[in-house]
Amino acid sequence: MDNWLLPVVIGLGFALTAAMLLIGVSSAGRQMAESYRDNVLDSTSAQLSEMFIFLDSSRLLKISAGATIIVPLVVFLLTGNPLIALGAAAACLFGPTLAHNRLKKKRHKKLVRQLPDSLDALVGALRSGMSLTQALGLLAEQLPKPSSQEFGLVVRKLRMGVGLDDVLNELEVRAESQEYTMFTTSMRIAREVGGNLTESLERLADTMRKKLAMEDKIDALTSQGKLQGIIVGCLPLFLMWVLTQMEPEAMHPLFHTWLGYGVLFVIFLLELVGFVLIRKIVRIDV
């Protein structure tokens with residue numbers, strides 16, 4: 001009887017421990033999922049709506065979760081390397097934030113590039129006898145995106161009765177640009193102090209064009225440094241690939257042992273530090 005009872009007690013103990021462990025892991029997983037949804041997906045969805053990209057956070061959660069499960073599995077089946085699969089999973093988890101930053105940077109660049117032409121169009125509309133609201137409405141209709149979206153939102157708020165100062169403040173916050181700050185400041189000065197608004201906007205457009213031309217010249221002069229940084233950064237990876245093709249047995253421990261994974265992680269960190277340093281060196285703000 002004792003010999004029969006002891007294995008049952010041990011089995012029940014293991015089953016109870018496994019159940020408690022499963023419950024704990026499930027609870028921690030739910031908390032992590034809720035925190036990820038609140039801190040990453042909801043904020044990303046809200047920030048995308050500021051760029052007139054409307055994507056529900058629940059749909060974004062489904063896309064991110066599906067990619068986090070499928071992509072690492074496919075990468076592991078293709079490469080057989082758990083470290084690369086783990087990197088793919090991390091990329092999928094933080095993909096929404098990275099995509100938002102990329103879209104925000106691209107949209108910001110378009111807004112700045114389109115602003116001088118927008119100011120010229122605004123000056124022409126004001127000189128033709130239109131009011132400020134009518135001129136801004138014309139910009140919202142004729143300008144390309146994303147400028148038409150921003151000025152369209154300005155016009156809608158003005159027609160709803162929102163004050164011009166509040167509308168300009170919101171435009172300045174959304175654009176996050178020195179150029180738009182100068183534009184809104186010129187509008188406030190002309191409204192409070194007086195003066196010829198069209199001449200101020202013309203001078204501002206000319207100044208912005210000169211600034212953009214200077215930035216383009218700096219980009220051209222620093223392009224060689226950027227290319228050198230890319231080549232130097234890719235050289236160790238290319239050398240690793242060549243050695244793998246020439247001596248696969250000697251390189252096998254680098255990709256299939258934990259010591260090799262540690263070496264790859266150190267290489268990744270050094271590559272990342274070098275990329276950041278070169279990026280800071282070649283970036284010049286005007």
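Student: Which residues are linked with Arg107 in a network of salt bridges?

Tutor: A salt bridge is a side-chain nitrogen of Lys or Arg within 4 Å of a carboxyl oxygen of Asp or Glu, and here Arg107, Glu150 and Arg174 are linked in a network of such bridges. This is a predicted model, in which local features need pLDDT of at least 70 and side-chain atom pairs count only at pLDDT 80 or more, while totals for chains, interfaces and linings use all residues. Residues are numbered from 1 along each chain as its sequence is written, and side-chain values use heavy atoms, with hydrogens and water left out.

Student: How many salt bridges does this rule give?

Tutor: The count comes to 11 salt bridges, and one of them joins the side chains of arginine 188 and glutamate 172 at 3.3 Å, N to O. Arginine 188 lies in helix α8 and glutamate 172 in helix α7 (residues 164-175), so the pair ties together parts that are 16 residues apart in sequence. Helices are DSSP runs (H or I, at least four residues), numbered from the N terminus.

Student: Is arginine 188 buried or exposed?

Tutor: Buried means under 20% relative accessible area, exposed over 50%, and partly exposed in between, with a 1.4 Å probe and protein chains only. Arginine 188, with a relative accessible area of 17%, is therefore buried, whereas glutamate 172 counts as partly exposed at 22%.

Student: Where do lysine 210 and aspartate 206 lie?

Tutor: Both lie in helix α9 (residues 197-246), four residues apart, about one turn of the helix, and their side chains meet in a salt bridge of 3.4 Å, N to O. Lysine 210 is exposed at 57%, while aspartate 206 is partly exposed at 38%.

Conventions: Helices (H or I, at least four residues) and strands (E, at least two) are DSSP runs, numbered from the N terminus.
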